[in-house]
Amino acid sequence: MNIEVRHLTKKFGSFTALKDVSLDVAPGELVALLGPSGCGKTTLLRILSGLEFPDSGSILFGGEDAAAQTVGDRRVGFVFQHYALFRHMTVFENVAFGLRVRRENRPSNEEIRRRVEALLALVKLDGFDDRYPAQLSGGQRQRVALARALAVEPRVLLLDEPFGALDAKVRKELRRWLRRLHDEIRLTSIFVTHDVEEALEVSDRVVIINNGRIEQIGTPDEVYDHPASPFVYRFLGNVNLFHARMDQGRIAIAGAGESPEGTEHPLTAYARPHEVELSRDPGPDPALEADIIHIQTVGPTVRIELRRCDTGEIVEAELTRERYRTMACKTGERVHIHPNRVRIFEEPKN
Amino acid sequence: MTPSEPVRGRAIAAQAVTESRAVRFLLIGIALSFLALFLLLPLAIVFATALQKGWIAYWAAISDPMARSAIRLTLLATAIAVPLNLVFGLAAAWAIGKFQFRGKQLLITLIDLPFSISPVVSGLIYMLVFGLQGWFGAWLEEHDIRIIFAVPGIVLATIFVTVPFVARELIPLMQAQGAEEEEAAITLGASGWRTFWSITLPNVKWALLYGVILCAARAMGEFGAVSVVSGHIRGLTNTMTLHVEILYNEYQSAAAFAVASLLALLALVTLAARGSVEWRARQQLRAALRRSEEESHEH
């Protein structure tokens, strides 16, 4: 089912959680709401579920206005950050709850048993029927929460920081598993996360939210390769900033002496650490000089911290181990830096 | 990490902060002798004095029509006050634990008010409101409704002094549990009523029962507030505590202690009930923990 969000605004007292948010989600899509904590992403998810109400704007589920629908009528599956499993019920009863509370066409007991067993098999928890939530690991609880949400045959699945409370390894496993599950059942799903890697790895499209506003919507590649704003650029990864200026139709990175004063459009060039090249000779492009102050090997990459000779600003570069070995640079050495791929944004005017 | 490691770690930590054997014995000894002197000894004296003149006199004292009427009245007041407080306590704790609203802190303070006011003062307040010279006195007199120096006054006073018990037990628990499970139930299509019965109530049942037991104990033992509004009309408005006082003032100490021993027995029964409720709650928790420990062994 498709979801249309139109001009949603929500305030909590004087704090504006969402400002004029509009969003379309196609049927069967897996969308990530990504942003720093307190940016409004969870509020958006809760409004979609019907647990919270917007101050203005509307939500259409499959073309129908959701404002008139109660939480129960919306047929939305919600997976809570801390799972919110019913602690006094077994795994079986947790999953069966949504079916048991139906007022109309409640399935028979055999039907409920059949469906719960099928869901537990789907989330790889067959045989856990009689356990209580306290007896399960975090990953298992998360999967019970998912089975419980799926039991009511929702039209949309909403997940609030689904992997937030898990340790790194389980988290990785579970998100791949969720992606495969989504490919299998093709249920329109929206999940909230503050973890960039998670959003880029799992989702079909990413919605980046900051201060209650949508900064950019796009596929993981689109947002990573073509960030729409400095915020998106910074949020998606480490970044180096260079002041730049227009020089006869070409963009040039400014050295210390040539501050962007006098130019009409002061610019900022952004380059990711892995887009910064290091070399011993200046090369054809004007290259900046910098001293290596720290070298750190992290897994397959080598992080190098440099201080620019002209401005004293810190620049971060990331080399593959191979490149690092062939170059064989050392701490204290003076090298040239070439940002080989930059993205330019206009500097905010003071 | 095996599950026994944190346990061992805890034992070492306990050793590090513990006192020497002599100091421990001294402290425990002081606590125990204090208990014996101020709790067990008086209790023993109550029963000894009650049975001073033999079982026949004991039976006569508690089967006396006036005593029986006092027992009935105490049980009646308790039977009315406890369910009312149960409903009120649940409603208040539900509101405080699950919702955000203005005046929440004020509500918590108000619930505690009966703890901080002397019961005699609260009795006097009822006199001022419902007594003959009080605000509603004339109106009540006209309609021939008796509250003060009658059973309704005693029930009201009992309700007032027991207000905090159920709410106080539930508020911290419900605040700690938050509203997530209820929200989950609602997104799964449960009605508010269904959510309350299948989710909220089972999650607080032991604390609720514990609050009810404390509330019942207090309702039966109340003296000050009831004494002010009762008027001490024998056979009509005398509760057990008041009856004990009257008997004692009339130098019938054996009879007084006989009725007092009944109150003490009720207290002991409540204590036992309380103990078993606590024990069951702990038992349940331990079972859950044990099973999850076995679980982590398997992995």
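## Exercise 1: Salt bridges

Over all chains, the structure holds 32 salt bridges. Keep in mind that this is a predicted model.

Task: Find the salt-bridge partner of E29(A), and explain what the pair ties together.

Solution: 
- Start from the general idea: side chains of opposite charge can pair when their charged atoms come close.
- Next, find the partner: E29(A) forms a salt bridge with R205(A), with 2.5 Å between the closest N and O atoms.
- Check the cut-off: a salt bridge needs the nitrogen within 4 Å of the carboxyl oxygen, and the pair is listed at 2.5 Å.

## Exercise 2: Where the chains meet

Task: Describe the contact between chain B and chain A, then say which elements of chain B take part.

Solution: 
- Begin with the residues: chain B brings 22 residues to the contact and chain A brings 29 residues.
- Turn to the area: about 2200 Å² is buried between the two chains, and carbon and sulfur atoms give 57% of that.
- Look for charged pairs: two salt bridges cross the interface of chain B and chain A. In a salt bridge between R46(A) and E183(B), the N to O distance is 2.6 Å.
- Count the polar contacts: five residue pairs are in polar contact between chain B and chain A, both residues being at pLDDT 80 or more.
- Name the elements: helix 10 (180-187), helix 11 (192-221) and helix 14 (253-298) of chain B each give two or more residues to the side that touches chain A. Helix 10 of chain B gives the most, with seven residues.
- Finish with the classes: this side of chain B has eight nonpolar, eight polar and six charged residues.

## Exercise 3: A sheet in chain A

Task: Trace the order of the five strands in the open sheet of chain A, and find its edge strands.

Solution: 
- Read the order: the strands run 14-18-15-16-17, with antiparallel pairing.
- Go to the edges: strand 14 (276-279) and strand 17 (314-320) of chain A each pair on one side only.
- Consider the angle: neighbouring strands are turned by 45 degrees against each other on average, direction ignored.
- Zoom in on one pairing: strand 15 (residues 288-298) and strand 18 (residues 334-339) of chain A are antiparallel and joined by four bridges. E289(A) has H336(A), in strand 18 of chain A, as its bridge partner.

Key: Residues are numbered from 1 along each chain as its sequence is written. Chains are lettered from A and ligands numbered from 1 in the order in which they are written. This is a predicted model: local features need pLDDT of at least 70, side-chain atom pairs count only at pLDDT 80 or more; totals for chains, interfaces and linings use all residues. Side-chain values use heavy atoms; hydrogens and water are left out. Contact means heavy atoms within 4.5 Å. Buried area is the accessible area (1.4 Å probe) that two parts lose on being put together, summed over both. A salt bridge is a side-chain nitrogen of Lys or Arg within 4 Å of a carboxyl oxygen of Asp or Glu. A polar contact is a pair of N or O atoms within 3.5 Å; within protein, one must be able to donate a hydrogen and the other to accept it, and residues adjacent in sequence count only if both atoms are side-chain atoms. Ala, Val, Leu, Ile, Met, Phe, Trp, Tyr, Cys and Pro count as nonpolar, Asp, Glu, Lys and Arg as charged, and the others, Gly among them, as polar. Two strands pair if DSSP finds at least two bridges between them. Axes are lines fitted to C-alpha atoms, for helices over the stretch in contact, and angles run from 0 to 180 degrees between N-to-C directions.
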